[in-house]
Amino acid sequence: NTHVGYVTVDASPWTVVAVNGGTRTIVGQVELSLLFAASGIAVDPGSRVYVSFATSKAVAAIDSSGGASALRESTRWLAVGLTPRAVAVDPATRAVYVADSSSDQVLIWNSNGTQAKTIDVLHKPTALYLDAGTSRAYVADTSSNSLSVINTSNQTLVGHWPLATVPTGVAYDPVGQRIYATNFLTDTISVVNPATRAVVATWRP
């Protein structure tokens, strides 16, 4: 499964499709009925795929332990915040992190479907990236033009770092040790050095 990627497709009902990255072919799929507005997807390798649904206030857990060709919905968590916009998984603890853009919080759920903790961030968190190697989760706070940083080893807030206008996406490069955030209004990408917590470059694609 190391070469398999997962995408959500608005196919009425919403469908999660598994794609073999080597052959570029669809190798599996599963339909998720009665759920609306898929907004995020995260993979716990060899175990589960999680999909957040902003409008339905839900997270669907898909069992991928049988391989991409045998995907099935194993459980569905309801009342996951107000608008669960993004989702990520900590492979070390299998905790699931959900960015709730309406409550300005990151919700941490155990893999058994119980909520473990709530962390307050800044306004309208819409994107979330978790790096297990550094035990950090990075949250793009769209309405605050900032990045909230969470220590995933003890599940506490580290701080808030400034970004450009309306950040809507975030990722981390463990090799170059840089954070990349996309900024909607300025059509730019901010490059952040996590050691200094400063923007070291701004790119315009």
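How far apart are the mean positions of the positive and negative charges of the protein? The 13 positive and 13 negative charges have mean positions 2 Å apart. In this count Lys and Arg are positive and Asp and Glu negative, while His and the chain ends are not counted. Each charge is placed at NZ of Lys, CZ of Arg, CG of Asp or CD of Glu.

## Basis of the model

The structure is a predicted model, in which local features need pLDDT of at least 70 and side-chain atom pairs count only at pLDDT 80 or more, whereas totals for chains, interfaces and linings use all residues. Residues are numbered from 1 along each chain as its sequence is written, and side-chain values use heavy atoms, with hydrogens and water left out.

## Overall architecture

The protein contains 19 strands and 0 helices. These elements are DSSP runs numbered from the N terminus, with helices (H or I) of at least four residues and strands (E) of at least two. The radius of gyration is 17 Å, close to the 17 Å that the globule rule gives for 205 residues, so the protein is as compact as a globular protein of that length. That radius is taken over C-alpha atoms, and the rule is 2.2 Å times the number of residues to the power 0.38. The C-alpha trace spans about 45 × 35 × 30 Å along its principal axes.

Of the 205 residues, 44% are buried. Buried denotes under 20% relative accessible area, exposed over 50%, and partly exposed the range in between (1.4 Å probe, protein chains only). The accessible surface comes to about 9,500 Å², and carbon and sulfur atoms hold 51% of that area. Areas follow the Shrake-Rupley method with a 1.4 Å probe; for residues, only the protein chains shown count as cover. Among contacts (heavy atoms within 4.5 Å) with a separation of 6 or more, 32% join residues 24 or more positions apart.

## The aromatic cluster

A search of the whole structure finds 6 aromatic pairs. Rings of Phe, Tyr and Trp (its six-membered ring) pair if their centres lie within 6.5 Å; planes under 30 degrees apart count as stacked, over 60 as edge-to-face and the rest as tilted. One of these pairs joins Y50 and W77, which are tilted at 45° between the planes and lie 5.6 Å centre to centre. Because Y50 belongs to strand β5 (residues 48-53) and W77 to strand β7 (residues 72-78), this pair ties together parts that are 27 residues apart in sequence. Y50 is buried at 0% relative accessibility, and W77 is buried at 4%.

W77 also pairs with W109: the ring centres are 5.2 Å apart and the planes stand at 10°, so this pair is stacked. The pair links distant parts of the chain, since W77 is in strand β7 and W109 is in strand β10 (residues 105-109), 32 residues apart. W109 is buried as well, with a relative accessible area of 6%. Y50, W77 and W109 together form one aromatic cluster.

## A buried loop residue

T142 is located in the loop between β13 (136-141) and β14 (146-151). At 10% relative accessibility, T142 counts as buried. Setting aside neighbours within four places in sequence, T142 is in contact with H123, K124, T126, V166, P167 and T168. The C-alpha atoms of T142 and V80 are 20 Å apart in space, and these residues are 62 apart in sequence.

## Backbone exceptions

Most residues other than glycine have a negative phi, and most peptide bonds are trans. The peptide bond from S12 to P13 is cis, with omega near 10°; P13 lies in the loop between β1 (4-10) and β2 (14-20). A79, although not a glycine, has a positive phi of about 55°. A79 sits in the loop between β7 and β8 (84-89) and is exposed, at 64% relative accessibility.

Q177 likewise is not a glycine and has a positive phi of about 55°. Q177 occupies the loop between β16 (167-173) and β17 (178-183) and is partly exposed, with a relative accessible area of 47%. Leaving aside neighbours within four places in sequence, Q177 is in contact with Y172, V192 and P194. Q177 and G159 are 18 residues apart in sequence, and their C-alpha atoms are 18 Å apart in space.
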